[in-house]
Amino acid sequence: MAELLSSWAVLVAAGEGTRLGADRPKAFVGLGDEVLLARSLRMLEDHPALDGVVVVVPEGWEEPATLLADELAAGKVAAAVTGGASRAESVAAGLAAVPDEADLIVVHDAARPFASAELLSRVLAALGEAEGAVPGVPVTDTVKRVDGGRVVETLDRAHLVAVQTPQGFHAGVLRAAYDRAGDRLAAATDCAALVEATGATVTVVTGEHANLKVTTPDDLAEARRRC
């Protein structure tokens, strides 16, 4: 009989939403008849493989996040903790609240409210053979590397993917990557970059084109059209 692994999620919702021009943090802007954060919370709560969720929010928004979890009957939410100055620092705050006995940890951005349960299942399944797993979609645009406005190289897009969340990792591997990050922590744009730097194996699973990341007012308008 296969060993049952304890799986937890860190839901990163600490962005201030400056580029949205909103009067509140991004995760708490309206999306349909609820707030953006609610969609990811519900997906994680309903996923049968997850045992618990830690939500990371801006300072002062811990209580609203807890009240939202109560409203959604999201009993897996164990804590709402204060984020840091960068995404990676916010993830680190979330990791500190995940129990030591967790075997697998998934990190998801609340700014991606349309990630599906099936996507999360693919990520978790891939951890049977790798130390980390991330969803990716093929890059369809031509991508050029530039230096000071001058094109240095045209990259072969056949070897490029745009990476999404949720991203999953063996807990010990992820914690070690953050412990060793040092000065690189604040600049890390995703968890996988820190894990890759340790030499751990990270695999790519099929992502979802519908897995929109809400960053700009145009993104928010598109997300609202989908609701």
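Start at Arg-145, which is partly exposed at a relative accessible area of 43% (buried is under 20%, exposed over 50%, partly exposed in between, with a 1.4 Å probe and protein chains only). This is a predicted model, where local features need pLDDT of at least 70, side-chain atom pairs count only at pLDDT 80 or more, and totals for chains, interfaces and linings use all residues. Residues are numbered from 1 along each chain as its sequence is written, and side-chain values use heavy atoms, without hydrogens and water.

Move to Asp-23 and Arg-24. Their closest N and O atoms are 3.2 Å apart, in a salt bridge. Asp-23 is exposed at 69%, while Arg-24 is partly exposed at 36%.

Now pick Asp-109 and Arg-87. They form a salt bridge at 2.9 Å. Both are buried. The count of salt bridges comes to seven.

Keep Arg-87 selected. With Gly-15, Arg-19, Lys-26 and Lys-213, it lies nearest the centre of the largest pocket, which 32 residues line. By class, the lining has 13 nonpolar, 11 polar and eight charged residues (Ala, Val, Leu, Ile, Met, Phe, Trp, Tyr, Cys and Pro are nonpolar; Asp, Glu, Lys and Arg charged; the others, Gly among them, polar). A pocket is an open set of points on a 1 Å grid over the protein atoms alone, where a 1.4 Å probe fits, with protein on both sides within 12 Å along at least five of seven lines; lining residues have an atom within 4 Å of a point.

Definitions and conventions: A salt bridge is a side-chain nitrogen of Lys or Arg within 4 Å of a carboxyl oxygen of Asp or Glu.
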